[in-house]
Amino acid sequence: MNLSQLPAIAVLSDNVTIVQHGEVKIVRVMHDKAVAGISLLGGHVVSYQPTGQEDLIWMSKAAIFDGEKALRGGIPVCWPWFGRIANPAHGFARSKEWELVEHRENEHGVIVELALFPSEDTLSIWPHLFDLRLVMEVGDELKVTLKVRNIDDHAWTFSGALHTYLNISEITQMQATGMGAEYIDGLQDNKVCQGGDTLELTAGIDRVYTQPEAVIKVEDKVLDRTLHITNSGHNSAVLWNPWIEVATDMADMENDGYKTMFCVESTIHAPTIDDGITLQPNETHELSTIISA
């Protein structure tokens, strides 16, 4: 996606405009430090390109921007649950329209804050009151923080993820470190396995790493750069690539799309909704990821 070529429908400041792609409105950030895009559908980062570099974020060329379907690629917000432990899969936040509530900028970058509030639709899916904020800090690095607040009169429990798709040159020329040794393998009926210190791929992967280090590094040998992913507020890191067998079954991913993407997700993993993080009234939890090259 070339953000600079999308038509502006509103100019908010020298660095922030609203643009349209298909049926989706995108907050476009253009700053000396970086260019970025955040879809209001899903509160979904679709691009982060530091000046002089390739985009760090991967978006599917076949992503469907119809204003209804969750976008393929970028950084989907999975909330109030992660995975298929309830319907819809990965929760409802990634397919709802968020509100732009604040933007500010200085010489170091731009901060954009979006919000999602309860509606009749969300209450029919998950009967709890919440205040959900997504703060994107765009500069020499990208920091995305999901702030979850319980505004109900009773406690509730949630899980979730910042489901980051990283842009890489070639999946077989990628090397990941820092994910830890122990993982739950989604391709082996959630078997608990032990792995090595270094990960290189020759097949698909769907793993929940339960003891990740503070920083996961993804070395891109072709682009000659190393991506650093620093997560917090999580209990695990999900690493995923669908490979060709799954990619060919996805209407919103080109058949060879798996070759240039690799997911490293800041995740609150829970086998059921009740096993997630419990917030009492007025309590807040923050889940974040910082991405840099």
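**Threonine 157**

In this predicted model, threonine 157 lies in strand S11 (residues 156–158); strands are DSSP runs of E with at least two residues, numbered from the N terminus. Threonine 157 counts as buried because its relative accessibility is 15%, where buried means under 20% relative accessible area, exposed over 50% and partly exposed in between (1.4 Å probe, protein chains only).

The side chains of threonine 157 and threonine 278 are joined by a polar contact of 2.7 Å. Such a contact is a pair of N or O atoms within 3.5 Å; within protein, one must be able to donate a hydrogen and the other to accept it, and residues adjacent in sequence count only if both atoms are side-chain atoms. Setting aside residues up to four places away in sequence, threonine 157 touches Trp126, Ile273, Asp274, Gly276, Ile277 and Thr278, contact meaning heavy atoms within 4.5 Å.

**Basis of the values**

Local features need pLDDT of at least 70 and side-chain atom pairs count only at pLDDT 80 or more, whereas totals for chains, interfaces and linings use all residues. Residues are numbered from 1 along each chain as its sequence is written, and side-chain values use heavy atoms, with hydrogens and water left out.

Strand S20 (residues 225–232) has a covered face formed by Arg225, Leu227, Ile229 and Asn231; its uncovered face carries Thr226, His228, Thr230 and Ser232. In a regular strand the side chains alternate between the two faces of the sheet.

S20 pairs with strand S19 (residues 215–220) in the antiparallel sense over 6 bridges, pairing requiring at least two DSSP bridges between two strands. Glutamate 219 has threonine 226 of S20 as its bridge partner. S19 and S20 form a hairpin with 4 residues between them, and aspartate 224 in the turn has a positive phi of about 55°. S20 is also joined by 5 bridges to strand S24 (residues 284–292), again antiparallel; here isoleucine 229 is partnered by isoleucine 291.

**Nonpolar cores**

The largest nonpolar core has 71 residues, and those with the most contacts inside it are Trp79, Leu146, Val218 and Phe262. A nonpolar core is a set of buried Ala, Val, Leu, Ile, Met, Phe, Trp, Tyr and Cys residues joined through side-chain atoms within 4.5 Å. Apart from neighbours within four places in sequence, the contacts of valine 218 include Leu166, Ile168, Leu227, Ile229 and Phe262. A second, separate core of 11 residues includes Leu3, Val24, Ile26 and Leu71.
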